[in-house]
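Please open the structure in the viewer and keep the sequence beside it.

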Amino acid sequence: MSKSTGNVIEPSEIISKNGAEILRLWVAMLNYKEDARFGKEILQHLIEAYRKIRNTWRFVLGNLYDFSPDVDSVPEDEMQLLDRWILKKSGDMRRRVLKAYEDYEFHVVFHAIYNFFTVELSSFYLDVIKDRAYCSSKKSVLRRSAQTALFRVLKDTIALMAPILPFTTDEAWEAMPAFEGKEESVHLGLFPGADEGRLDPAAVKEMDGLILVREKVLKELEKARESKLIGNSLEAVVVLSVPAGLMKLLKKHEAALAVLFIVSKVTLGEGTGEDIEILVKKAGGAKCERCWNWSDSVGKSADYPAFCARCSAVVGELGR
């Protein structure tokens, strides 16, 4: 910006239109060793980044409405592999952020947290656990495991972002479920420790293997959508022809594959080649009005004819 060319943007203009948190975020994302740049494109990027962080916290908070951390938390060794994996990724991010704060590399703080929100959290983990969060029994280990992970990620990321977004983090902290030792304000607490959320190498290898298979399945699902075979991915059944070296892993996690791929059903068979073969078919049965999965069990419950067997059992427990 230059006064002589008349392209100066007054901070008061940004604050009155977008709020002071946007300017704080801009300062945090700057590499102060380089020239500080600002303009309409940068401002739009800041607004989108802020919305991503805020909306992610809103989504997580919305899924913790009935969760009491001191009562409902699941011990880490009893949590689902995917939930332990996201805690591990959160731990990796947390260590980078704490090191960046110590080194006064505030732009690294912002980018580490933002990349975690966009890559691991929003575009993968939160999408996969929606089925458990929305459709599993309220007090089931499956749902409580996901809520435990969500709470820990929420608590840590709010604390880590507090110096950068002081008002937004305080608002989110106030809305967070009460727990023993919770301070009145996030700014009265301490940063989380750097050694939490570790996952043993064998479990990391398993999850990485499942993610690689998922990526291949997603490509085939996209082809099926383009050919008009399916619309939503839940309209699909995925048939996997698996080489011997991969069968043990997929058999171990067979029950979780449909949720991981966000399809209605996954079947495993022995493959003859060295690589996995993937066939996408139109799901049979009928669509469950509660979970949207397609199943042959829909219509077999006299009490809940529009629901699948799982949803019929869950709703039956609620006495509805």
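Begin by selecting Phe106, which is found in helix α6. The model on display is a predicted one. Phe106 has a relative accessible area of 32%, and therefore it is classed as partly exposed.

Is Tyr104 buried or exposed? Its relative accessibility is 55%, so Tyr104 counts as exposed. The backbone of Tyr104 also deserves attention: its phi is positive, about 60°, although the residue is not a glycine.

Keep helix α6 in view, which covers residues 106-128, and select Ser122 within it. Which side chain forms a polar contact with that of Ser122? The partner is Thr56, and the contact between the two side chains is 3.3 Å. To see the surroundings, select also Lys52, Phe117 and Asp127; with residues up to four places away in sequence left out, these and Thr56 are what Ser122 touches.

**Stop three: a loop between two strands**

Move to Trp292, which lies in the loop between β4 (286-287) and β5 (294-295). Phi of Trp292 is near 70°, a positive value in a residue other than glycine. Trp292 counts as partly exposed because its relative accessibility is 47%.

**Stop four: the cysteines**

Finally, select the cysteines and show their sulfur atoms. A disulfide is a covalent bond between the sulfur atoms of two cysteines. How many disulfides are there by the distance rule? The count comes to zero, where the rule asks for a pair of cysteine sulfur atoms within 2.5 Å.

Two cysteines illustrate the reasoning. Select Cys135 together with Cys311: the sulfur of Cys311 is the closest cysteine sulfur to that of Cys135, but it is 5.1 Å away, which is too far for a bond. Cys135 has a relative accessibility of 5% and therefore counts as buried.

Then select Cys288 and Cys291. The closest cysteine sulfur to that of Cys288 belongs to Cys291, at 3.7 Å, and this is again too far for a bond. With a relative accessibility of 0%, Cys288 counts as buried.

Terms used. Residues numbered from 1 in each chain as written. Predicted model: local features only at pLDDT ≥ 70, side-chain atom pairs only at ≥ 80, totals over all residues. Heavy atoms only, no water. Helix = DSSP H or I, 4+ residues; strand = E, 2+ residues; numbered from the N terminus. Polar contact = N/O pair within 3.5 Å; in protein donor to acceptor, adjacent residues only side chain to side chain. Contact = heavy atoms within 4.5 Å. Buried < 20%, exposed > 50% of the residue type's maximum accessible area, 1.4 Å probe, protein only.
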